[in-house]
Amino acid sequence: MSGSNVIVVCGAGGFIGGHLVGELLERGLPVRAVDIKPTDEWYQKFDAAENLSLDLRDLAACRTALQGAAEVYNLACDMGGMGFIETHKAQCMISVLINTHLLMAARENPVERFFYASSACVYNADKQRDPNVTALKEEDAYPGLPEDGYGWEKLFSERMCRHFREDYGTVTRIARFHNVYGPYGTWDGGREKAPAAMCRKVIQAKLSGNHDIEIWGTGDQTRSFMYISDCLKGIGLITRGDFVDPLNLGSSELVSINQLVDIVEEIAGIRLERHYNLNAPKGVNGRNSDNTLIQQVFGWEPDTRLRDGMELTYRWIYDEIAAGRPGH
Ligand code: NAD
């Protein structure tokens with residue numbers, strides 16, 4: 001695939017990247033999909049895209065990936081849920097090479113738009129100590145006290161995007177995702193996040209007849225969760241829009257982890273005996289997305305009800321488990 005109209009999705013073998021490739025192809029756009037994993041391990045692989053297996057920590061690989069690119073979406077990152085990022089801080093930080101080298105390649109081979117997937121993990125930890133959270137506004141990322149390892153990498157990479165824009169004119173756009181969930185994500189193996197992990201645990205309890213469930217922490221910690229279709233819509237708006245600073249992209253429907261389990265139990269039609277593992281990684285006590293700014297800019301915010309998105313996610317994971325497929 002050549003010419004200068006190619007849309008490059010980095011991290012295309014993962015959860016959000018795979019969905020994004022599907023959406024762009026549906027709109028009839030030429031897509032180059034890139035991931036470090038061999039293509040047979042991608043969560044979704046589309047024959048209509050040009051599929052490349054490249055390690056984007058390497059500058060030469062980034063140059064290859066971005067040849068003839070009009071737009072770049074950087075969703076490539078070595079990450080996972082709390083269980084992973086709290087125990088793999090150096091590994092998470094090495095992803096800084098991916099965004100840095102992609103930006104360098106984008107400067108040499110100018111692109112119209114460069115999207116960077118940041119995270120709510122950039123927010124100052126002091127503002128997230130109470131489960132009765134005040135939702136996080138974009139300005140709450142400073143003074144910097146992000147999640148150790150992963151959050152520092154995200155905050156640094158945001159600044160790289162900003163300075164490439166200011167100093168070299170690279171047209172960068174940034175979204176801070178708050179917990180994205182949906183089908184075709186990781187649901188087992190240690191990198192899965194809470195919604196998928198809860199679905200898996202409830203399904204396994206249901207299928208095995210062992211009606212116990214382990215919950216990390218007290219279950220009182222609060223979060224919001226964004227369904228994948230809202231994430232894709234927000235990526236499109238932010239990338240093509242004129243707003244240059246980082247924007248929250250998350251649902252503002254706040255629930256505790258116990259309420260999340262209630263929802264999954266209701267979908268499964270089962271009640272489980274809950275055991276709380278207070279030594280397990282649990283992240284900050286409370287986090288929600290303040291959507292005032294995205295509402296002001298686009299007149300929209302993620303609005304899929306958690307119950308509806310979880311139903312679709314639960315059904316997909318159930319079918320995967322029933323078919324004996326791996327969850328990572
Ligand atoms: P994912 O792990 O499913 O996908 C990331 C992909 O990046 C993987 O397929 C991985 O193989 C690939 N990758 C890792 N290192 C690479 C390298 N060196 N070269 C090329 N590819 C490489 O994660 P996701 O949930 O799809 O997340 C996508 C992006 O969104 C990431 O930047 C992540 O930090 C961010 N994000 C996600 C969430 C969420 O809840 N899923 C929340 C906040 C931010």
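Residues are numbered from 1 along each chain as its sequence is written, and side-chain values use heavy atoms, with hydrogens and water left out. Because the model is predicted, local features need pLDDT of at least 70 and side-chain atom pairs count only at pLDDT 80 or more, while totals for chains, interfaces and linings use all residues.

In the contact (heavy atoms within 4.5 Å), domain 1 takes part with 23 residues and domain 2 with 27 residues.

The size of an interface is often given as the accessible area lost when the parts come together. Between domain 1 and domain 2 about 2,100 Å² is buried (accessible area for a 1.4 Å probe, summed over both parts), and carbon and sulfur atoms give 59% of this area.

One salt bridge is found across the interface, the term meaning a side-chain nitrogen of Lys or Arg within 4 Å of a carboxyl oxygen of Asp or Glu. Eight residue pairs across the interface are in polar contact, both residues being at pLDDT 80 or more; a polar contact is a pair of N or O atoms within 3.5 Å, where within protein one must be able to donate a hydrogen and the other to accept it, and residues adjacent in sequence count only if both atoms are side-chain atoms.

Terms used:
Buried area = accessible area lost by both parts, 1.4 Å probe.
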